[in-house]
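Here's a quick tour for anyone opening this structure for the first time. Have the view ready, and we'll stop at a handful of places along the way.

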Amino acid sequence: MTSPMRIKLEEAEVMERPVHFRFPFRFGAARVTAAPQAFVRVRINDAQGRSADGWSAEMMMPKWFDKNPSLAPGDNIDQLRISLRLAIDAYRNTGRNTPFGLHALNEAQHHRQAAKLQLPGLVASYGLALVDRAVIDATCRLESLSAVEAVRLGRLGINAATAPDLAEFDLSAYFATIKPASSMAVRHTIGLVDALTSADVEPDSRLEDGLPQTLEEVIATYGHRHFKIKVSGHPVEDVERLIQVAAVLDAAADGYQATLDGNEQFGGSDAVGEFLERISAEPRLRRLRSSILFFEQPIARADALMTSLADIARHIPLEIDESDGEMGAFIQARALGYAGISSKSCKGLYRSLLNRARVEKWNNEEKSSRYFMSAEDLTTQSGLALQQDLVLASLVGATHVERNGHHYVDGMFGAPKGEQAAYLRGHGDLYRQAGSGARLAIRSGRVDFSSAITAKGLGSAVEPNWETMARQE
């Protein structure tokens with residue numbers, strides 16, 4: 001381990017670029033057809049007077065960070081803008097420290113400020129996450145390091161300041177042993193209203209953009225063998241939908257594996273139990289049931305960490321996602337029977353790394369493999385955001401990652417042609433030329449991203465085209 005860098009945030013700004021979906025996606029009860037993508041650009045300096053720029057990007061998806069039905073999609077997006085402003089202001093007013101030290105000094109106060117403005121934990125986390133990633137990117141560029149090298153060498157200064165339960169765990173030794181993969185299976189998400197076969201597509205809804213539209217077409221085009229299936233919280237309707245999904249998967253995807261995502265839709269443990277019993281009792285779901293790795297966030301975040309699901313957890317591993325609003329959530333979840341937690345760039349790179357350390361610590365203590373972390377994020381867009389999230393997924397040891405941004409958006413549609421061409425040149429393993437643009441290259445259900453792992457900075461050798469974006473005031 002070498003000594004951590006000590007830097008200061010000198011400048012920061014937020015830009016936005018609109019993203020339009022090929023067809024709507026349903027988040028629980030909400031249907032989303034478009035949303036902006038936020039881009040953060042920072043400049044840092046060190047004690048020797050050197051400076052470097054860094055970048056990050058993330059979708060501003062409505063109806064996930066805060067599912068309050070009284071809020072319109074525009075209200076949700078404004079919440080995320082506020083979170084970004086709060087984080088930037090806090091980091092600007094913090095003196096010189098390590099990259100993680102800046103985060104640790106501001107995390108608790110940032111969440112308190114957000115709470116005073118009635119912003120949920122996930123919204124608060126969003127602002128910190130983007131600023132932290134841009135700072136990490138700048139730090140790595142200043143030192144001509146990849147993010148993987150920075151983590152392994154201890155240059156970011158990650159310690160147990162925000163996770164005191166890890167005080168006796170040797171984080172430096174753990175991070176030094178990380179061996180990130182440069183290839184990963186893609187887990188395709190099957191939404192609640194996604195077309196499964198061509199019979200589900202009305203003639204006037206058929207897209208002619210050369211991309212797959214139905215589940216059958218997706219499997220034939222990309223070769224997926226990993227799937228994430230959304231369920232609605234209504235056991236009878238969900239089982240009927242799963243029968244339809246299973247008919248496609250059983251016929252088209254040999255040796256597949258699946259996860260279930262409740263998206264907070266189940267009313268309580270009784271509904272979850274009834275749903276699982278109905279799956280087990282349905283012979284047409286035998287193969288699908290045997291493929292399921294875990295069940296993600298079945299119960300609403302307001303109640304999920306208040307009720308024990310230990311009885312249900314004996315039958316299927318349970319994971320929290322939306323309940324992961326702050327650093328202590330995994331500890332609470334563990335006590336209630338949950339064994340897993342999601343890694344998402346929008347919740348924070350440091351949180352994912354520290355939660356992954358908890359997985360290592362707890363499994364070592366129990367001499368088991370019970371605890372786990374999965375890589376999730378439905379709408380991550382090709383380019384900077386996707387590459388930073390792939391690096392994070394690799395750092396936490398994921399072997400497959402939820403990835404659907406390429407399915408709901410046509411490649412880098414919306415980015416200028418020059419930027420798309422730069423990604424094709426700099427990250428040709430990850431993208432392919434399609435028509436006049438760049439699309440994600442998924443081959444045999446996998447993506448290769450060695451160029452993102454080895455890039456100086458956090459995942460990308462390409463600087464976004466700032467002139468084509470709107471500045472967030």
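Let's start with a simple count: the structure holds zero disulfides. Keep in mind that what you're looking at is a predicted model.

Cys140 has a relative accessible area of 1%, so it is buried. Cys346 comes out at 3%, and that makes it buried too.

As background, nonpolar side chains tend to be buried together in soluble globular proteins. Here, the largest nonpolar core has 113 residues, and Phe275 and Phe295 have the most contacts inside it. Which helix gives the most to this core? That's helix 14, spanning residues 384-395, with eight residues. There's also a second, separate core of 35 residues, with Ala38, Val40, Ala124 and Leu142 among its members.

Setting aside neighbours within four places in sequence, Phe295 is in contact with Phe275 itself, along with others including Val231, Leu260, Phe266, Val272, Leu276, Ile316 and Leu318.

## Where two helices cross

Packed helix pairs are described by the angle between their axes and the distance between the axes. For helix 7 (residues 235-252) and helix 8 (residues 269-281), the axes come within 9 Å and cross at roughly 35 degrees. The crossing is right-handed.

Who meets whom at this crossing? From helix 7 come Pro235, Val236, Asp238, Val239 and Leu242, and they meet Ala271, Glu274, Phe275, Arg278 and Ile279 of helix 8. You've seen Phe275 already, as one of the residues with the most contacts inside the largest core.

## Around strand 6

Next, look at the loops on either side of strand 6. Asp254 sits in the loop between helix 7 and strand 6. Its relative accessible area is 57%, which is over 50%, so Asp254 counts as exposed. Not counting residues up to four places away in sequence, Asp254 touches Arg225 and Arg287. For a sense of scale, Asp254 and Ala434 are 180 residues apart in sequence, and their C-alpha atoms are 28 Å apart in space.

The side chains of Asn263 and Lys230 are joined by a polar contact of 2.7 Å. Leaving out residues up to four places away in sequence, Asn263 touches Trp64, Lys67, Lys230, Glu296, Gln297 and Glu322.

Ser291 belongs to helix 9 (residues 286-291). With a relative accessible area of 7%, Ser291 is buried. Beyond residues up to four places away in sequence, Ser291 touches Tyr256, Gln257 and Ala258.

## Two positive phi angles

Most residues other than glycine have a negative phi. Ser144 has a phi near 55 degrees, a positive value in a residue other than glycine. You'll find Ser144 in the loop between helix 3 (121-143) and helix 4 (147-153), where it is partly exposed at 43% relative accessibility.

Lys367 has a positive phi as well, near 50 degrees. Its place is the loop between helix 13 (349-366) and strand 10 (372-375). At 75% relative accessibility, Lys367 counts as exposed.

## A last stop at Glu463

Finally, head to the loop between helix 17 (450-454) and strand 15 (470-471), where Glu463 lies.

Glu463's side chain makes a polar contact of 2.8 Å with the side chain of Trp466. Not counting residues up to four places away in sequence, Glu463 touches Arg41 and Trp55. Glu463 and Tyr423 are 40 residues apart in sequence, and the C-alpha to C-alpha distance between them is 9.2 Å.

Conventions. Residues numbered from 1 in each chain as written. Predicted model: local features only at pLDDT ≥ 70, side-chain atom pairs only at ≥ 80, totals over all residues. Heavy atoms only, no water. Helix = DSSP H or I, 4+ residues; strand = E, 2+ residues; numbered from the N terminus. Contact = heavy atoms within 4.5 Å. Polar contact = N/O pair within 3.5 Å; in protein donor to acceptor, adjacent residues only side chain to side chain. Disulfide = S-S within 2.5 Å. Buried < 20%, exposed > 50% of the residue type's maximum accessible area, 1.4 Å probe, protein only. Core = buried A, V, L, I, M, F, W, Y, C linked by side-chain atoms within 4.5 Å. Axes fitted to C-alpha atoms, helices over the stretch in contact; angles between N-to-C directions. Left-handed = near helix turned anticlockwise from the far one by under 90°.
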